[in-house]
Amino acid sequence: MGFQCKHISQTYRLRRGELVALQDLNISVNEQEFVCIVGPSGCGKTTLLKIIAGLFLPTTGQVVFTDAPETGHPRSAMVFQDLGLFPWMSIRENVAFGLETRGVNRKQRLATADELLEKAGLGEFKNSYPHQLSGGMRQRVAILRAFLTDPQTLLMDEPFGSLDSQTRLVMQEELLRIWKEHRKTVMYVTHDIEEAIYLGDRVLVMSGRPGSIQADIPINIPRPRQTADRDRPEVEAIRWRIWKMIESEVRQELGVQS
Amino acid sequence: MKPSPNRLKLAWEPWISVLIFIFFLIIWEWLARSARITTLFFPAPSRIGASFLHMLITGKLATNLTASLGRLGLGFLLGALPGLLLGLLMGWSPRFRAIMDPFIAALHPIPKLAIFPLIMIIFGIGELSKILAIAISAFFPVLINSMTGVRELNPVYFEVARNYGASRWKTFTRVVIPGSLPTVLSGIRIGVNTAMVITIAVELLSAQKGLGVLIWFAWMTFRIEELYVSLFVTAVLGIVINILLHLITRHLVPWSNRPADEV
């Protein structure tokens, strides 16, 4: 079940005038497609994701989910950059949270969560609390939680943004592995260009303030992808192309002349 | 392999403290017995100890201690429960907070002991007035901390709850309450301690029984040993309550990685 963003704009009213965060965004995402969004910080990537997640309504425009039958499954589940797990719940309770809100009884939802944790090799941590796990493990748990509710669309907001670069490499592969098993529509927001190319079927490049889509780049590297695919010449070319698109904005933001 | 020194080292510092305390008592005893200090103000520790035993055996301590504890417990619950509920709701709902804030801001700064006479005029000089004064003193710290606890919760948690379709009730029980718990508990600790001060204070002013009464009568009749015993018992009560709260906090907030003292 894909979805479409139609003419989405988001405006914030500030003390001094208005801030246009997003301007007339049109995005179409197909079923089971993995779409990455890159852009300079502050370009409204997260805002866009939250609008798609239905956490708030855009100033104008709408998100339309193509043929969403009443399957009882949530339309979307979001994986947050950090802090997405509740520190006061054990790992299994966190994973089971999506079932809890849907009224699944305690015994059943914990059993489902345990099974999933066991399969992911995190069984021994099921009674731990998030602060006892490493950042990478916490994000794996957050991803499991999102998958457990079997959402139609997975929305990911820089899920690996706070991880160190080695952990991030492994997590990216892990994510692709899970995604291969449970094909879902994925919208993945990142500021890491290489990550976007490695993961996505398509990379949308956003420009900052007001945020809009600058380019829509298909990534035709065959799947399953390997870590070695990062060194392919076409990856290099696309990375360079995307960087050229956002470089000036990054420099402007920092006040660094080119 | 050498064992880690950190793990095997016994904490000896507390024993030094105990030794210093015993040394202090011995000096005091000696000074009092040799009449180097006036026993009128500083009776020998052995005399205070004897008085303590006497008060314990006659039941004088027990009656007054239970009177104070009952007042403290009832007054605290009467203040803390509404404070908790109101605080959580004010923290959660900006609209409710906007409505309630002026009242809280206006009433909070009034010294709680200063309104005791007014309470007595309205509710009489009986038990009710004392309990109300204690309740009011516990109400505000619990309310303010509960509100702060919810307000300081990272908004991400509310977004996660919404994203997973949590109902308002689910959000309240699974996010608002546990998320604010560390701050709420520190509010409860402040509330208990304030309530204890007010308990002793209202007992000094007007009561038939209680630790404050004991202190006051000991002064009036110049039974200096009893005065020391009463102060000692009051202090121990405070320490015990705080240790209990500390244990409760550790039990209720197992996820907190902050040192328990901070909670």
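A residue is counted as buried if 20 or more other C-beta atoms lie within 10 Å of its own. By this criterion, 41% of the 258 residues of chain A are buried in the predicted model. For chain B, the buried share is 34% of 263 residues. The predictor assigns the complex an ipTM of 0.86 and a pTM of 0.83.

Chain A contains seven helices and nine strands. Its radius of gyration is 19 Å, close to the 18 Å that the globule rule gives for 258 residues, so chain A is as compact as a globular protein of that length. The C-alpha trace of chain A spans about 55 × 40 × 35 Å along its principal axes. Of the contacts in chain A between residues at least 6 apart in sequence, 72% join residues at least 24 apart.

Chain B has 11 helices and zero strands, and its elements from the N terminus on are accordingly listed as α-α-α-α-α-α-α-α-α-α-α. The radius of gyration of chain B is 23 Å, well over the 18 Å that the globule rule gives for 263 residues, so chain B is more spread out than a compact globule. Along the principal axes, the C-alpha trace of chain B spans about 75 × 75 × 30 Å. Among the contacts in chain B between residues at least 6 apart in sequence, 73% link residues at least 24 apart.

Confidence was examined along chain B. The mean pLDDT of this chain is 90, with 94% of its residues at 70 or more. The highest confidence in chain B is found in helix H4 (residues 60-92), at a mean of 96, and the lowest in helix H1 (residues 5-8), at a mean of 55. Over residues 259-263 of chain B, pLDDT stays under 50, and the model has 10 contacts beyond four places in sequence for this segment.

The contact between the chains takes 18 residues from chain A and 16 residues from chain B. On the side of chain A that touches chain B, strand S5 (76-79) and helix H2 (91-100) of chain A each supply at least two residues. By class, this side of chain A consists of 12 nonpolar, five polar and one charged residues.

Strand S5 of chain A, one of the elements that supply this contact, has residues pointing to both of its sides. A:Ser76 and A:Met78 point one way from the strand, A:Ala77 and A:Val79 point the other way, and all are buried. S5 of chain A pairs with strand S6 (residues 153-157) of chain A in the parallel sense, over four bridges. Within this pairing, A:Ala77 has A:Leu154 in S6 as its bridge partner.

The largest nonpolar core has 117 residues, and the members that touch the most others are A:Val35, A:Val38, A:Ile52, A:Val95, A:Met187, A:Tyr188 and B:Ile134. The element that gives the most to the core is helix H7 (residues 127-151) of chain B, with 14 residues.

A cis peptide bond joins A:Arg223 and A:Pro224, with omega at about -5°. A:Pro224 is placed in the loop between strand S9 (212-218) and helix H7 (233-254) of chain A.

The other two features are positive phi values in residues other than glycine. Phi of A:Gln32 is near 65°, and this residue is in the loop between strand S2 (18-29) and strand S3 (34-38) of chain A. A:Gln32 has 14 other C-beta atoms within 10 Å and is therefore partly exposed. Phi of A:Asp150 is near 50°. The loop that holds A:Asp150 runs between helix H4 (135-148) and S6 of chain A. With 15 C-beta neighbours inside 10 Å, A:Asp150 is also counted as partly exposed.

Technical notes: Residues numbered from 1 in each chain as written. Chains lettered and ligands numbered in written order. Predicted model: local features only at pLDDT ≥ 70, side-chain atom pairs only at ≥ 80, totals over all residues. Contact = placed C-beta atoms within 7 Å. Nonpolar A, V, L, I, M, F, W, Y, C, P; charged D, E, K, R; others polar. Buried ≥ 20, exposed ≤ 12 C-beta atoms within 10 Å, placed from the backbone. Pairing = 2+ DSSP bridges. pLDDT = per-residue confidence, 0-100. Rg over C-alpha atoms; globule rule 2.2 N^0.38 Å. Core = buried A, V, L, I, M, F, W, Y, C linked by C-beta atoms within 7 Å.
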